[in-house]
Amino acid sequence: MGLNFQTGLAEKGRVSRLAKGKGAPHTQMMTRIVIDCDPGLDDAVALLAAFGARDLDVKALTTVAGNVKGSQTAENARIIRDVAGVDARVHVCAGAPRPLLRDPVTAEDFHGSTGLGDIPFPPPQYALSPTHSVNMIIDTCRAAHEEPLTLIITGPMTNVALALTMAPDIAEGISEIVLMGGADSEGGNITSYAEFNVFADPHAAAAVFECGLPIRCLSLDVTHDVRATPSRLTMVRAANTPQAEVAAQLLEASCKLEFSANGARHAPLHDPSTIIAVTRPDLFRGRRAHVKVVTEEGAQFGRTIPSFDEQGPVMWYEHADGDAVFEELAHLLGGFS
Ligand SMILES: [Ca+2]
């Protein structure tokens with residue numbers, strides 16, 4: 001699979017990304033985010049969307065073991081940072097190499113052996129940060145006490161659970177958590193009940209869902225509403241940037257693996273939905289809930305159970321405007337031009 005990716009365009013992208021951070025008039029309006037992720041095909045698309053978004057300021061990428069082993073997710077995040085034309089001033093950190101208590105579980109069936117659908121990317125240009133993901137989350141959130149940031153989670157929640165446990169005061173530096181994980185009415189995607197990110201570390205997910213911070217949750221109940229159909233991939237490509245082309249190829253690889261694992265349906269837009277829920281919350285609808293995670297071993301291990309309650313800390317999304325979500329994804333990926 002060819003990438004048509006040109007080094008010169010990556011360079012141009014980097015200049016515009018950095019120029020953005022240097023006092024453009026809208027800088028003060030930007031939402032600062034940290035993305036804790038396990039790239040992963042759909043994580044990679046989420047990262048590109050975040051870097052392309054003109055009103056998001058990505059402070060760090062913290063990686064965790066998940067879709068593939070931790071060393072591979074850290075490498076993949078560095079590869080995608082290059083594709084976005086961003087340099088090492090946005091740190092990529094490696095994090096927890098295994099879940100808190102359960103045995104490690106990965107998802108190569110849906111992401112390929114490299115985690116990036118076996119698409120041949122060049123090796124990363126910039127080194128891994130020497131800082132552990134958990135420490136980076138703690139340091140970055142502590143530095144944001146005055147102006148809290150948005151913490152986005154698109155992988156198993158091990159790093160965030162550890163950070164909240166080691167340094168509970170970081171809650172003051174987090175305005176909200178926006179995460180992809182869980183399933184209720186749709187059933188699971190790794191067992192009948194459980195969604196992968198929660199199943200891969202249910203104990204960590206329980207700590208995050210019950211941490212008391214405001215959470216917006218993109219579970220399978222909503223991401224299954226947003227699928228990468230051919231016409232929507234055409235929409236993505238029409239954004240006409242090298243990054244949009246890479247995103248389209250990542251989504252195509254995701255569809256291929258989804259077809260071989262699950263049959264006829266196109267791949268759901270899991271992780272990128274978190275970014276779009278930040279830039280366009282109006283495209284999603286749900287109900288507030290308290291969310292419990294089943295941590296007892298058995299058939300329901302890793303299941304999320306929302307109890308709907310207007311006072312609940314979690315916005316449990318249930319519906320999305322799929323076409324508009326893809327329009328927004330294309331818009332964000334067009335932001336590199
Ligand atoms: Ca992920």
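Q: Which backbone nitrogen does the side chain of D201 reach?
A: A polar contact is a pair of N or O atoms within 3.5 Å; within protein, one must be able to donate a hydrogen and the other to accept it, and residues adjacent in sequence count only if both atoms are side-chain atoms. Here the side chain of D201 reaches the backbone nitrogen of A204 at 3.1 Å. A second polar contact, of 2.8 Å, joins the side chains of D201 and T158.

Q: How far can I trust such details, and how are residues numbered?
A: The model is predicted, with local features needing pLDDT of at least 70 and side-chain atom pairs counting only at pLDDT 80 or more, while totals for chains, interfaces and linings use all residues. Residues are numbered from 1 along each chain as its sequence is written, and side-chain values use heavy atoms, leaving out hydrogens and water.

Q: Where is D201 found, and which residues is it in contact with?
A: Helices (H or I, at least four residues) are DSSP runs, numbered from the N terminus. D201 is found in the loop between helix 7 (196-199) and helix 8 (202-209). Contact means heavy atoms within 4.5 Å. Leaving aside neighbours within four places in sequence, D201 is in contact with P99, L100, R102, P156 and T158.

Q: What is the nearest side chain of opposite charge to D201?
A: Lys and Arg count as positive and Asp and Glu as negative; His and the chain ends are not counted. A salt bridge is a side-chain nitrogen of Lys or Arg within 4 Å of a carboxyl oxygen of Asp or Glu. Buried means under 20% relative accessible area, exposed over 50%, and partly exposed in between (1.4 Å probe, protein chains only). D201 is buried yet has no salt bridge, and the nearest side chain of opposite charge, R102, is 7.0 Å away.

Q: How many salt bridges does the structure hold?
A: Side chains of opposite charge can pair when their charged atoms come close. The structure holds 11 salt bridges. One of them joins R89 and D87, with the closest N and O atoms 3.0 Å apart. R89 counts as exposed, at 55% relative accessibility, whereas D87 counts as buried, at 10%.

Q: Which parts does the pair of R232 and D323 tie together?
A: R232 forms a salt bridge with D323, the closest N and O atoms being 3.0 Å apart. R232 lies in helix 10 (residues 230-237) and D323 in helix 13 (residues 322-333), so the pair ties together parts that are 91 residues apart in sequence. R232 is buried, at 11% relative accessible area, and D323 is partly exposed, at 42%.

Q: Which residues do salt bridges that share partners join into one network?
A: R237 forms a salt bridge with E252, their closest N and O atoms being 2.9 Å apart. This pair links helix 10, which holds R237, to helix 11 (residues 242-262), which holds E252. Through shared partners, salt bridges join R237, E245 and E252 into one network.

Q: Is helix 2 largely enclosed or open, and why?
A: Helix 2 (residues 41-52) is largely enclosed by the rest of the structure, because 12 of its 12 residues are buried. Among them are D43, L47 and F51.

Q: Which residues coordinate the calcium ion?
A: Donors are N, O and S atoms within 2.8 Å of the metal (3.2 Å for Na, K and Ca); water is not among the atoms, so sites may look incomplete. The calcium ion is coordinated by D38 (OD), D43 (OD), D43 (OD), T154 (O) and D271 (OD), at 2.1 to 2.5 Å. Both D38 and D43 are buried.

How values were computed:
Helix = DSSP H or I, 4+ residues; strand = E, 2+ residues; numbered from the N terminus.
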